[in-house]
Amino acid sequence: MDLASAKVIGAGLAAIGVGAASAGVGNVFGSFLQGALRNPAAADGQQGRLFIGFAAAELLGLIAFAVAMIILYAV
Amino acid sequence: MAAASKIDPMHQFQIDALSGGALDGSPFAFTNSALWMLIVLACIFVFMWGGMKREIVPGRWQAMVEGFVEFVTGLAITNIGKGGRKYVPWIFTLFTFILFSNYMGMMPFGVVESAHPFAVTGQFTVTGLMAIMTFAIVLIVGFAKHGFRFFSLFVPAGTPLGLLPLIVPIELISFMVRPFSLALRLFVAMIAGHILVDVFGNFVVGGLNAHTITGYLIALISFIFIAGVNALELLVAGIQAYVFALLASLYIHDAEHLH
């Protein structure tokens with residue numbers, strides 16, 4: 001296998017991480033919604049924590065994207 | 001652009017010298033990045049200036065600016081806690097600059113020739129500088145206020161002694177990686193959104209240039225997709241500014257109160 005095709009395949013494999021992070025972000029918001037519907041009065045106070053969880057889950061997906069971009073353009 | 005030409009989505013992030021630089025041999029050039037930072041600054045200035053008339057009964061503009069300021073102030077004070085008010089200027093600066101440059105980078109000025117907007121926050125140097133300055137505030141405030149007790153940040157309360165050799169390096173790494181993750185999140189989120197829109201924009205042009213039924217169908221689907229992605233990007237631009245300000249105030253909270 002030559003380097004160019006290996007790079008494209010590697011970038012594609014790295015992009016799997018983005019999909020996995022999307023499951024994580026969905027889990028964050030879904031769990032928040034589950035909790036919020038059970039106790040709507042407490043929901044507004046937890047919005048900061050919601051976005052902290054969102055940021056942590058999203059960061060890993062963005063790192064996967066960055067790895068894919070580095071493989072494609074910088075290696 | 002011909003249908004068969006190669007799509008180059010990274011071209012939009014290229015920094016070009018508009019004057020100076022190579023022209024007169026100076027290492028300092030006025031780049032498109034600098035130009036768009038000035039445009040963002042002018043937008044913030046106009047936005048704030050319009051709301052600073054100090055009327056007793058606020059008009060629409062003043063109510064908008066007051067709501068904006070109150071939102072950021074509330075965000076900083078609730079997350080930093082006691083003594084949070086003195087950090088409001090920095091959090092507000094971060095929030096407004098990131099929000100305005102995110103939105104300015106998305107504006108469709110490109111319909112005018114050579115007026116392409118430049119996403120200032122799509123540069124790691126810009127977001128990295130903001131993250132490093134936040135981290136410097138954390139370090140300076142932490143050491144000035146607590147001295148060497150600041151290192152107790154790496155020992156969570158109630159940790160068993162046997163676990164300390166494991167916990168302390170983990171906490172240290174997670175602390176040192178903060179400016180990096182803070183900068184990377186904003187930068188990559190902006191890059192990813194712009195690349196996505198650019199690639200599907202090229203699909204629209206390429207599909208229209210193909211002059212076949214399939215081509216027109218692909219162009220139509222891509223156009224609808226772009227409209228959806230742009231709506232999502234408007235949301236992301238706001239969320240990223242909010243998250244950056246939120247995490248910056250949480251890190252400052254650690255320096256101010258040590259857990």
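Q: Let's say two residues are in contact if their C-beta atoms, placed from the backbone, lie within 7 Å. What share of the chain B contacts with a separation of 6 or more comes from residues 24 or more positions apart?

A: In chain B, 61% of those contacts join residues 24 or more positions apart. This is a predicted model, where local features need pLDDT of at least 70, side-chain atom pairs count only at pLDDT 80 or more, and totals for chains, interfaces and linings use all residues. Residues are numbered from 1 along each chain as its sequence is written, with chains lettered from A and ligands numbered from 1 in the order written.

Q: What scores does the model get for ipTM and pTM?

A: ipTM is 0.82 and pTM is 0.88. Chain B has an average pLDDT (the predictor's confidence in each residue, from 0 to 100) of 88, and 95% of its residues score at least 70.

Q: Which elements of chain B have the lowest and the highest mean pLDDT?

A: Strand β1(B), residues 17-20, is lowest at 71, while helix α3(B), residues 88-106, is highest at 94. Helices here are DSSP runs of H or I with at least four residues, strands are E runs of at least two, and both are numbered from the N terminus.

Q: How many helices and strands in chain B, then?

A: Chain B has seven helices and two strands. Reading from the N terminus, the order is β-β-α-α-α-α-α-α-α. The C-alpha trace of chain B spans about 70 × 55 × 45 Å along its principal axes.

Q: And what percentage of chain B is buried?

A: Of the 259 residues in chain B, 27% are buried. Buried takes 20 or more other C-beta atoms within 10 Å of a residue's own, exposed takes 12 or fewer, and partly exposed is in between.

Q: Which residues of α4(B) meet α6(B)?

A: Phe124(B), Thr127(B), Gly128(B), Ala131(B), Ile132(B), Thr134(B) and Phe135(B) do. On the α6(B) side they meet Arg178(B), Pro179(B), Leu182(B), Ala183(B), Leu186(B) and Phe187(B). By class, this contact of α4(B) with α6(B) has nine nonpolar, three polar and one charged residues. Nonpolar covers Ala, Val, Leu, Ile, Met, Phe, Trp, Tyr, Cys and Pro; charged covers Asp, Glu, Lys and Arg; the others, Gly among them, are polar.

Q: How many residues does each chain put into the A/B contact?

A: Chain A gives ten residues and chain B gives twelve. The chain A side divides into eight nonpolar, one polar and one charged.

Q: What does Val18(A) touch beyond four places away in sequence?

A: Val18(A) touches Gly61(A), Ala64(A) and Phe65(A). Val18(A) sits in α2(A), residues 16-38, and is partly exposed because 17 other C-beta atoms lie within 10 Å. Ala68(A) is 50 residues away from Val18(A) in sequence, with the C-alpha atoms 9.7 Å apart.
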